[in-house]
Amino acid sequence: MADSEHSSTSDEIYLDYQDEENSKLEFSEDEEELVIRMYNLVGERWNLIAGRIPGRTAEEIEKYWNSRYSTSS
């Protein structure tokens, strides 16, 4: 049994991580609407917002928000 069959390069690991992270930042329309409504109610209290969306972490929601709605001034 060759070790090369079971080993992966750091590039492969990095690509897997990128794919996983990008898929987590894809929110459904319902999730997006809920994030917007909750943000308007509670502001940047990501833990409270995440508590209303099963399977989402505060970090995912914050990253999603900043990637979609953050303004650089």
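P54 is exposed, with a relative accessible area of 74%, where exposed stands for over 50% relative accessible area, buried for under 20%, and partly exposed for what lies in between, as found with a 1.4 Å probe and protein chains only. This residue has its place in the loop between helix 3 (46-50) and helix 4, and although P54 and E31 are 23 residues apart in sequence, their C-alpha atoms are 9.7 Å apart in space. The model is a predicted one, in which local features need pLDDT of at least 70 and side-chain atom pairs count only at pLDDT 80 or more, while totals for chains, interfaces and linings use all residues. Residues are numbered from 1 along each chain as its sequence is written, and side-chain values use heavy atoms, with hydrogens and water left out.

The chain as a whole has four helices and zero strands, in the order α-α-α-α along the sequence; helices here are DSSP runs of H or I with at least four residues, strands are runs of E with at least two, and both are numbered from the N terminus. Of its 73 residues, 21% count as buried. The accessible surface comes to about 5,900 Å², with 46% of it belonging to carbon and sulfur atoms, as given by the Shrake-Rupley method with a 1.4 Å probe, where for residues only the protein chains shown count as cover. Among the contacts in the chain with a separation of 6 or more, 44% are between residues 24 or more positions apart, a contact being a case of heavy atoms within 4.5 Å.

Helix 2 (residues 29-42) has 14 residues and reaches 20 Å from its first C-alpha to its last, close to the 20 Å expected at 1.5 Å a residue, the expected span being 1.5 Å times one less than the number of residues. Its buried residues are E31, E32, V35 and M38. They cover an arc of only 135° around the axis, which puts them on the same side of helix 2; the arc is that of the directions from the helix axis to the C-beta atoms. On the other side of helix 2, E29, D30, R37, N40 and L41 are exposed, whereas the buried residues of this helix pack against helix 3 and helix 4. Just after helix 2, G43 takes a positive phi of about 75°.

In helix 3 the reader finds A50, which is buried, with a relative accessible area of 11%. Leaving aside neighbours within four places in sequence, A50 is in contact with R56, T57, A58 and I61, and the C-alpha atoms of A50 and I61, eleven residues apart in sequence, are 6.9 Å apart in space.

How do the two helices meet? Helix 2 and helix 4 pack at an angle of about 90°, with their axes 12 Å apart, the axes being lines fitted to C-alpha atoms over the stretch in contact, and the angles running from 0 to 180 degrees between N-to-C directions. The two are therefore roughly perpendicular to each other, since angles of 65 to 115 degrees count as roughly perpendicular, under 35 as roughly parallel, over 145 as roughly antiparallel and the rest as oblique. In this packing, E32, V35, I36 and Y39 of helix 2 meet I61, Y64, W65, R68 and Y69 of helix 4.
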